[in-house]
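This briefing concerns the structure displayed below.

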Amino acid sequence: MPTLEEMRAEINRLLPDVQTPQFVKNIQTAYQNMPGAAIPQAALSLGSNIIGAPLGAAYGVARNLLSDKFGTQEGIQYGQQEAKKVMDAMRYTPPTKAGREIVEGIETLPQKITGSHMGFGMLPEIWGMPPRISPSDVQVMGARGINAAREIGNIPRDFSAAQSGLTRLNAYNEPTYGARMQNVAQDIGDVMARRQAMRSEEGSPTLSGLGTISDLVPDPRMYAVKPKGGNWPTNLGSTLPLKEQGKLGEYLSTVQYDDPVAVFENQLNKHFPRGIDNRQLLHDWEDYLKNYYLNNANGIKYSDLNGPAMQQLKKEAADKFAKEYNAGTIGSENLPEMDKKLYGASQIEQTLPAYNAWVMGPFQKYITNQMGTGLATDPLLQVVNEGAMPLQEIFGVSPVDEFTERQAQRRREDFQDKLFGWSSSPEKRAAIENSIIGKQTATTPEGIDYEKALDAALYAKGPFAFRDQFPAVSKLNENALITDFLTENPSEQTGFKKIRSKVFTDLLSGKLDPNKLSNVTPATITQQIIKDKMAEFKEQQLSKKAAADWIPKRAAAMPTDMAFPDGSKMTIITPEMANADEAMTARDLGQITIDLNQCTGAGCHATQDYPGHGPFLVPHTGKPPRGKVQYDKYGYLRRLKEGSLEIASLKDPNGLSQATIELRLEKPQPIKSSQKEFAVGVWLEDNKTPEDVREFYNNKVEHGIDMATVMAVKKFPELQTRLDNYNGGIKKSVLQMKGKDNGDIEKTYVPHVVQWLNQNADKLTDVRDLQNLPSVQDLNSSYDSIGKMMDKNQHWYSPTVEQFFQTMENEKGLPRFFTNEEFALKATERGVDLSAEPKRAEGEDALVPQQFQSERLTDLQRDVLLAHADDIAADNLNIDQMIEPYATDMRILRGNQRPEARLPRYIHDDLIGTLINQDRDNHTANIRYMLDTLQGPGYFVSMPELNTSQLENMLEMLISWTERYPLNE
C-alpha cells in the first residue's frame, strides 16, 4: 500500500492545475464546439451529467487527499465542493431555449426512468455521497448504492449492448444506467450523444485531452482467447462448397436444413422427453407413411425414396400426420399426454429459408466477430455471466467437466503460442504477462464455465492449413492467425444447439418475424431463454409454495383412522367421501400420485410438469394440469364411488404420503333360498315360541320358502338383520400395499403400517404385497412366511422354524403381522434355538432337514377343488366355514361376484380349471400369456367380450393364484 505522501505526489503529477482542472476545460471546449438543434443539445446535456458525475467524484477524492485537511470533516466538505465544481463545469447547457426546455422536462421524469427521486440532472442519490468513502460510509450507502455505483463503470458497455437490442438488467431486475441512457438518447433522436457513450473501436469521438469515452473504463479488448474478428476459413475467398471450408464451414453447412421431411422426422425423434416414447412416435409415423403410400402411390415406386414425386408424397403424408396427431385422432395409446404440437412438412419448408439466412447471418457473425473475445466484447458471454443461472438450466446440457476445462486451457495456450511465438523465451513470457490474450475474463461461476466451453471449441491455425483454393491466404503473413472450430460439432455446453433450436421453433410458431431476424442474435435469444426460465422458475416456486401450504392443511382435515406418536396418521378415503365430494376426493388421490409416483390418482404421464405419473386434478388448485389429461385414468375414483374399494394413506407429520394400501370391499352375498329355511328356522327356535316355528313351516309348505320368509320378517322385523348378515358383513382384503414408485415402504414407516394392519387383522382376509414391507410376515400364511424368513436367515434350521411357527399359530403367541426380529425374540423367550434341531421326546426320531419349497397344490387339494369347481364358479359354497388351505383357494377361484365384475360362466369354468391344473399339460404357458396380455397394452382388443371390471377381476384372480402357487420356470 502506498503512503499518503506517495499518493499525494502521484496526484500532483496527474493534476498539476490545482485551481482549474485542465481536463475539465478541454471537455467544456468539446461540448461548446458541438452546437445543434434542440434535440441533440438536450441529449448531449443528459449525457454530460452521467459522464461528469464519476469524474467529479474521483476529482473530489484527489483534491481531498492533496489538502492538509484530509481525514477531517472539513476535508470531506472540501472534497465535495471540488467534486461539484467539476460536475457543474462538465455540464453542457443547451444554448437554445427549446433545448433547455427539453432538458428541464426530462429532469422531472420520475424514478422509474432515471433511478433517482430528484431528477436526472445530478443523480444526487448516487453522487451526493462524500467523495472519501470509508468502511462506515460503505455500510451506510447500502446494497442498492453499491450496485448502482458498480453500474457506472459499465455504462459504455451497457449502452453498446442496448444498441444491439440487448437490454442489460441490474441486480434489481431493472435496466442499468447505460441501458437507460441509450433509451433516452434514442427517444430524443441524438446520434452524437449515443456515439459518446459507445465503447467501440470504430468511430468513437475523441474529446481533446480526454481520448475516447472508452478510456473512462478498463480496456475493452479483454480477449479470452483471440482478438475480435480476424481470419476464418469462411472469409478467405474460397469457392469450395461451404462444408469444405474448414471445421466452421462444415458446421455451418450441417446446421442448415434443405429437406423439410427430414426435419419433420427429426422433430418426431425429439418430441417427448423420453427416447422410448419418441421411438414409438416414429414407429407410428412409419406405419402411417406406408399406408398413405399404398393408398396414394399412383405409380410411384417406394424404392425411389429421394425422387421428387416420392418426396412430395412424403411431405403430404407428414402434413396429414401432424394434423391428425394434433387433433388426437392418431398415435399410440401408450404415448404421453403432452400439449406439444407437431409441425407439418409444408410449414417447415416455408420456415427453412429464413432460418438458414439467420445461420449464415447473425449466427455466423457472432462466431467470427465476438465468440471467444472476452467478457467486454462477447455479448453472449455477458448474458450468461450475468444470468446467475447454470448452463444445465439455460441450455439443458451437462455441466462443464474436467475434459472441457483442459481443452479450454490448451486452446488458450495455442493462441498465445500463435500470437507470441512458440519459444519459451523471457520475451514471450513477458509479452504473455502483459497481455490478456488467452486469459479468463468472466467474473461469475456461470460465466467462467461458459467461457471454458466457448474457448474449448476454438482452434488456432495458420495459413499452412489453407494453402490450396483459399485465395486470400496468399496475402497473409506466414505466421498469421486463422481461427477455426476444433471440430465440426462444438460441444453441447456452448448452447449453440439450444439457441438454434429456439430460433427455428420460434419461427415456426410465429414468435419471431422472419423480416426482423437481422436483430436476433445468439445473445438476445439466450437472454430470452433465461427470462423464460426465470418466469417458469418463479411460477414453479409460487406453485410449490401453494402446494407446501396445502399439503399439511389438507392432511390435517382428513379423517384419522389411526394416529401415531410421531405425528403421522393413517387416513382412509372411503366411498362415502367420494360420493359426498368427488372433486376433493380426486385431489386427495392426486396428492398420493404426486407424493409416491403411483397411478392411484393419475390422469397423465410424462408431461412437462410430471415426468412420471401426474394427477388428473392438481391437489392445491383443483384444476387439471397442463397437457392432455384423462379424468380418473385408472378408475380408482369410479370404484370408490361404486363402493368396491377404500384407499388407506399413511401421512407423515408434514402431511406427505408415505404408503398406500388399496382395500377391496366385498359385500356379502344375498341369502339364497336354500339357506333361508335353516336361517329362519334356527332363529325362530332360538328367539320365539314353538307356535311361531310351526307357523313358519306351514307357510313354507303352503306358499313356498320365499313367501314364508317374507311373512316371518313382516311379523318379526328384527329377523331381517339375521338374514342380511347370514353370509357375514363386508369383507376387506388388501389388494396393494406400496411405497414410492410402487416399491418398498420406507423403513421408518414400516412399524406404522404393521400396527395399523394388526388393528384391522380380524377384518382382513387376504393381505397381498407384504413383500413391500421388508421382513414383515403374516401368521395366517405359514408357507410364505416361513419361506421368506428362511431366505433371510439361512442359518436357521427349517424343521425348528416350522415347528415354532405352528406353535405361535396355535397359541396366537404373536400378532397376526410380525417382523422376523419379533419371531426370533419370541423364540429366545421360549428357549427355542432356531438354528438347532427342535427338542423332541425320548425315543422320537430326529427330523430330517429339508430345504423349504414354495407351496404347491397336493393331489388331494387338486381333487377337492376340481370336485367343487362348479359350486365355486356358481358361488354356492359358504367359504368362510371351510378349513384351510381350501378356504383361501376357493376364495381366490371364486373371484369378484359383483354383477358388473362376474365372469361369464364358460370363461370362469375354463379359468378355474386352468389354475387348478397349472402344472399339467401346457397350462403354465397359458397362464403366463394371460398375465402378459391383461397387463399389457390393448387387452380390450384381445378380449372384447369382457368389460373393464371383468378384465380386472380376471387379472386379480391370476395374480392372487400365482402369488400363492408360483408358476414353474
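In this predicted model, W285 and F321 are both buried. The two rings lie with their centres 5.5 Å apart and their planes at 70 degrees; because an angle over 60 degrees counts as edge-to-face, the pair falls into that class. W285 belongs to helix 14 (residues 275–296) and F321 to helix 15 (residues 308–327), so the pair links distant parts of the chain, 36 residues apart.

**A further edge-to-face pair**
- F804 and F823 also form an edge-to-face aromatic pair, with 5.2 Å from centre to centre and 75 degrees between the planes.
- Because F804 is in helix 33 (residues 798–811) and F823 in helix 34 (residues 820–829), this pair ties together parts that are 19 residues apart in sequence.
- F804 has a relative accessible area of 5% and is therefore buried, being under the 20% limit.
- F823 likewise counts as buried, at 0% relative accessibility.

**Other aromatic features**
- The count of aromatic pairs comes to 25.
- A cluster joined by ring pairs consists of W232, Y251, W358, F363, Y366, F485 and F496.
- The ring of Y636 has the charged end of R639 over it, 4.7 Å from the ring centre.

**The protein as a whole**
- The secondary structure comprises 41 helices and 12 strands.
- Of the 969 residues, 49% are buried.
- Among contacts with a separation of 6 or more, 68% are between residues 24 or more positions apart.
- The accessible surface is about 48,300 Å², and carbon and sulfur atoms account for 51% of that surface.

Definitions and conventions:
Residues numbered from 1 in each chain as written. Predicted model: local features only at pLDDT ≥ 70, side-chain atom pairs only at ≥ 80, totals over all residues. Heavy atoms only, no water. Helix = DSSP H or I, 4+ residues; strand = E, 2+ residues; numbered from the N terminus. Buried < 20%, exposed > 50% of the residue type's maximum accessible area, 1.4 Å probe, protein only. Contact = heavy atoms within 4.5 Å. Areas by Shrake-Rupley, 256 points an atom, 1.4 Å probe, with all protein chains shown as cover. Phe/Tyr/Trp six-rings, centres within 6.5 Å; stacked < 30°, edge-to-face > 60°. Lys NZ or Arg CZ within 6 Å of the ring centre and 35° of its normal.
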